[in-house]
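The stops below are given in the order in which to select them.

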Amino acid sequence: MAGSVNKVILIGNVGADPEIRRTQDGRPIANLRIATSETWRDRNSGERREKTEWHNVVVFNEGLCKVVEQYVKKGAKLYIEGQLQTRKWQDQSGNDRYTTEVVLQGFNSTLTMLDGRGEGGGAARGGSDFGGGGYEDYDQPRQSSGGGRSGGQSNQGGGNFSRDLDDDIPF
């Protein structure tokens, strides 16, 4: 086997409004906590059970930080792709502590808003300058929701998508 893979994919809800900090040279860093939940029915009692895991997510990519800062709020459902990184730090007593985080940096990172809360939903890949957009219904005219480039096809005519497929095809 050649090489190794360090990739994390999460779909979950943001637990609190993201924290945006800036480095000394002005670059943004976004911190957020994402909750993922698993539900099942207990075999013995028949009760519904739920287990929630909390994940620390750090975004170093400047384009993704802009999306987080403008659109991501507490409760938003996100799809993210990043890498696991563990960092060592010392607490106030001088004891070594370790924190494992999902890090989004470079071109291998993805952040997609799944519920369209706020102004527009949308998707952003690492290195892009994406400022909104989203997944509109095809039978609605496309409306841009903020600066930047938007992905996908534009429906300039505002017509119905199904009418576009009503061609007489001879096969």
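Select Arg21, which is partly exposed at a relative accessible area of 39%; here buried means under 20% relative accessible area, exposed over 50%, and partly exposed in between (1.4 Å probe, protein chains only). Arg21 forms a salt bridge with Glu19, with 3.5 Å between the closest N and O atoms. A salt bridge is a side-chain nitrogen of Lys or Arg within 4 Å of a carboxyl oxygen of Asp or Glu. Glu19 is partly exposed too, at 43%.

This is a predicted model: local features need pLDDT of at least 70 and side-chain atom pairs count only at pLDDT 80 or more, while totals for chains, interfaces and linings use all residues. Residues are numbered from 1 along each chain as its sequence is written, and side-chain values use heavy atoms, without hydrogens and water.

The structure holds nine salt bridges. Select Lys7 and Glu81 for one of them, at 3.2 Å from N to O. Lys7 sits in the segment before strand E1 (8-14) and Glu81 in strand E5, 74 residues apart; strands (E, at least two residues) are DSSP runs, numbered from the N terminus. Glu81 is buried, at 10%.

Next, select Lys88 and Asp96, a salt bridge with its closest N and O atoms 3.3 Å apart. Lys88 is exposed at 53%, whereas Asp96 is partly exposed at 38%.

Finish on Asp91, in the loop between strand E5 (77-90) and strand E6 (96-104). Asp91 is buried, at 18%. Its side chain reaches the backbone nitrogen of Ser93 at 3.1 Å, and a polar atom of that side chain lies 2.8 Å from the backbone nitrogen of Asn95.

Key
Helices (H or I, at least four residues) and strands (E, at least two) are DSSP runs, numbered from the N terminus. A polar contact is a pair of N or O atoms within 3.5 Å; within protein, one must be able to donate a hydrogen and the other to accept it, and residues adjacent in sequence count only if both atoms are side-chain atoms.
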